[in-house]
Amino acid sequence: QVQLVESGGGLVQPGGSLRLSCAASGRTLSSSPVGWFRQAPGKEREFVSAINWNGNTNYADSVKGRFTISRDYAKNTVSLQMNDLKPEDTAIYYCAKGWGRAAADFDSWGQGTQVTVSS
């Protein structure tokens, strides 16, 4: 079974950028749909973005125009470029395999990476 591992989180000031990466062990990600979710303290896990096997993408309205999901076939990773970050983007970010906007549509969840947006 594929295991996903997130990296790239950290502390950034409002308006800054971060690039998250989702890597897979034991299996290629190139043909798998992959999504990003986030969960802030006291809140439910929410959909952020997803990319399908053919390159189609989906974004939550709250991140559209600021975040970009993409694949790096050479590195076997799926990245989430986050620009113009806001304090409300603070959360643990998870990647998972699947397609849709509900957490129930995804599996093989990673452990998450913390993103904190604060001055």
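The entries go from ground rules to strands, then to the disulfide, the charged residues and the aromatic rings.

**Ground rules**

I am working with a predicted model, in which local features need pLDDT of at least 70, side-chain atom pairs count only at pLDDT 80 or more, and totals for chains, interfaces and linings use all residues. Residues are numbered from 1 along each chain as its sequence is written, and side-chain values use heavy atoms, with hydrogens and water left out.

**Entry 1: strands**

I looked up strand pairing first. My strands (E, at least two residues) are DSSP runs, as are helices (H or I, at least four), and both are numbered from the N terminus. Two strands pair if DSSP finds at least two bridges between them.

Which strand pairs with S1? Strand S1, residues 3-7, pairs with strand S3, residues 18-25, in the antiparallel sense over five bridges. In that pairing I find valine 5 opposite alanine 23 of S3.

S3 also pairs with strand S8 (residues 77-82), in the antiparallel sense and over six bridges. Here leucine 18 stands opposite methionine 82 in S8. A reminder to myself: in a regular strand the side chains alternate between the two faces of the sheet.

**Entry 2: the disulfide**

How many disulfides does a search of the whole structure find? It finds one, taking a disulfide as a pair of cysteine sulfur atoms within 2.5 Å. Cysteine 22 and cysteine 95 are the partners, with an S to S distance of 2.1 Å. The pair links distant parts of the chain, with cysteine 22 in strand S3 and cysteine 95 in strand S9, 73 residues apart. I noted the handedness too: the link of cysteine 22 and cysteine 95 is right-handed, with 75° about the S-S bond.

Are these cysteines buried or exposed? I call a residue buried under 20% relative accessible area, exposed over 50% and partly exposed in between (1.4 Å probe, protein chains only). Cysteine 22 is buried at 0%, and cysteine 95 also counts as buried at 0%.

**Entry 3: charged residues**

Next I searched the whole structure for salt bridges and got six; each needs a side-chain nitrogen of Lys or Arg within 4 Å of a carboxyl oxygen of Asp or Glu.

I started with arginine 38, which is buried with a relative accessible area of 5%. Its side chain meets that of glutamate 46 in a salt bridge of 2.6 Å, N to O. Glutamate 46 counts as partly exposed, at 35% relative accessibility.

Arginine 38 forms a salt bridge with aspartate 89 as well, the closest N and O atoms being 2.9 Å apart. Because arginine 38 lies in strand S4 (residues 34-39) and aspartate 89 in the loop between S8 and S9, the pair ties together parts that are 51 residues apart in sequence.

Leaving aside neighbours within four places in sequence, aspartate 89 is in contact (heavy atoms within 4.5 Å) with Arg38, Arg66, Phe67, Asp84, Val115 and Val117.

Lysine 86 and aspartate 84 have a side-chain salt bridge too, at 3.6 Å, N to O. Elsewhere, salt bridges that share partners join Arg38, Glu46, Arg66 and Asp89 into one network.

**Entry 4: aromatic rings**

Rings of Phe, Tyr and Trp (its six-membered ring) pair if their centres lie within 6.5 Å, and planes under 30 degrees apart count as stacked, over 60 as edge-to-face and the rest as tilted.

Phenylalanine 37 and phenylalanine 106 form an edge-to-face pair, 4.9 Å centre to centre with 75° between the planes. Phenylalanine 37 lies in strand S4 and phenylalanine 106 in strand S10 (residues 106-107), so the pair ties together parts that are 69 residues apart in sequence. Phenylalanine 37 is buried at 0%, and phenylalanine 106 counts as buried at 6%.

Tyrosine 94 and tryptophan 109 are also edge-to-face, at 6.4 Å centre to centre and 80° between the planes.
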